[in-house]
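This report describes side-chain contacts and a ligand site in one protein structure. Please look at the sequence and the model before reading on.

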Amino acid sequence: MSKLELLPAVDVRDGQAVRLVHGESGSETSYGDPLEAALAWQRAGAEWLHLVDLDAAFGTGDNRERIAEVARSMDLKVELSGGIRDDASLAAALATGCTRVNLGTAALETPEWVAKIIAEHGDKIAVGLDVRGTTLRGRGWTRDGGDLYETLERLDAEGCARYVVTDIAKDGTLQGPNLQLLRDVCAATDRPVVASGGVSSLDDLRAIASLVPEGVEGAIVGKALYAEAFTLEEALEAVAG
Ligand SMILES: O=C(O)c1ccccc1N[C@@H]1O[C@H](COP(=O)(O)O)[C@@H](O)[C@H]1O
């Protein structure tokens, strides 16, 4: 079995590292300084950081300078998300030196622009497929944005390099990942899939790792790490191929 990549998450709202439940604004638990959180994951051996500007995703402002400071301070690979919806926000995101960006709303609302930047930037662009059931959600997960599988087919045809798949119903709940959704998405695309939402235990990570042969490449881990359900060192050991 190949190794599953782990991406500890640092979501930033109002300058603080936070975790949400179901991605709902107002459900924040704060975990302090985002740079300290990111450095802690790096010290623990992370190869990736999933860094999210939640205010930009919700349209309640942005944490652009704080996010850039975190991204630039890291020696590891950074996946940057939240509010990347036009040329200016994309340029600012790429200027942080991040390894790739992850687009949500733009893939639903401005498909021509997304097709153009996929053609220009290749695997520096991932698309976040944030779903309730099989309906995509954008604008801070507050607005419906079409059918998962129709959008996946379109993005595949445009050359999208990878997908970050989040089951909103699971996100931030510590109730376990939606393995069937991951299997279904992997069956519908030949592009790698990063799993997001619901991880609560090392067994959950082992279950996601069992889907590597089907196309799952990585897993984002948030609340379980902050809630100390396990350490990042234990998680990396659990999924080492
Ligand atoms: O990660 C979350 O908890 C989250 C909650 C609510 C909205 C967005 C969230 N996260 C990330 O934001 C991007 C979408 O941002 P945008 O639509 O491109 O502005 C999405 O990929 C999630 O990773």
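The structure holds 2 aromatic pairs, where rings of Phe, Tyr and Trp (its six-membered ring) pair if their centres lie within 6.5 Å, with planes under 30 degrees apart counted as stacked, over 60 as edge-to-face and the rest as tilted. Tyr 31 and Tyr 226 make a tilted pair, 4.7 Å centre to centre with 40° between the planes. This pair links distant parts of the chain, 195 residues apart: Tyr 31 is in the loop between β3 (29-30) and α1 (34-43), and Tyr 226 is in helix α10 (residues 223-226). Helices (H or I, at least four residues) and strands (E, at least two) are DSSP runs, numbered from the N terminus.

The model is predicted, local features need pLDDT of at least 70, side-chain atom pairs count only at pLDDT 80 or more, and totals for chains, interfaces and linings use all residues. Residues are numbered from 1 along each chain as its sequence is written, and side-chain values use heavy atoms, with hydrogens and water left out.

Buried means under 20% relative accessible area, exposed over 50%, and partly exposed in between (1.4 Å probe, protein chains only). Tyr 31 is partly exposed at 27%, whereas Tyr 226 is buried at 13%. The rings of Trp 41 and Tyr 226 are edge-to-face because their planes stand at 90°, with the centres 5.3 Å apart. Trp 41 lies in helix α1 and Tyr 226 in helix α10, so this pair ties together parts 185 residues apart in sequence. Trp 41 is buried, with a relative accessible area of 11%. Tyr 31, Trp 41 and Tyr 226 form one aromatic cluster.

The structure also holds 16 salt bridges, each a side-chain nitrogen of Lys or Arg within 4 Å of a carboxyl oxygen of Asp or Glu.

Glu 79 lies in strand β5 (residues 77-81) and Arg 100 in strand β6 (residues 100-103), so their pair ties together parts 21 residues apart in sequence. Both Glu 79 and Arg 100 are buried. Salt bridges that share partners join Arg 13, Glu 28 and Asp 55 into one network. Arg 13 is buried, and so is Asp 55. Glu 69 and Arg 66 both lie in helix α3 (residues 64-73), 3 residues apart, about one turn of the helix. Glu 69 is partly exposed at 35%, and Arg 66 is partly exposed at 24%.

Arg 100 has a further contact: its charged end sits over the ring of Trp 48, 4.2 Å from the ring centre. A charge sits over a ring if NZ of Lys or CZ of Arg is within 6 Å of the ring centre and within 35 degrees of the ring normal.

The last topic is the ligand. Around the ligand are 20 residues, the closest being Gly 83, Arg 85, Asn 102, Gly 104 and Thr 105; a residue is near a molecule if one of its heavy atoms lies within 4 Å of it. A backbone N or O atom of Gly 83 lies 2.6 Å from an oxygen atom of the ligand. A polar side-chain atom of Asp 11 is 3.3 Å from a ligand oxygen atom. For an N or O atom in the side chain of Asp 171, the distance to an oxygen atom of the ligand is 3.5 Å. The protein covers 96% of the 500 Å² of accessible area that the ligand has on its own, with areas from the Shrake-Rupley method and a 1.4 Å probe.

Note on methods
Polar contact = N/O pair within 3.5 Å; in protein donor to acceptor, adjacent residues only side chain to side chain.
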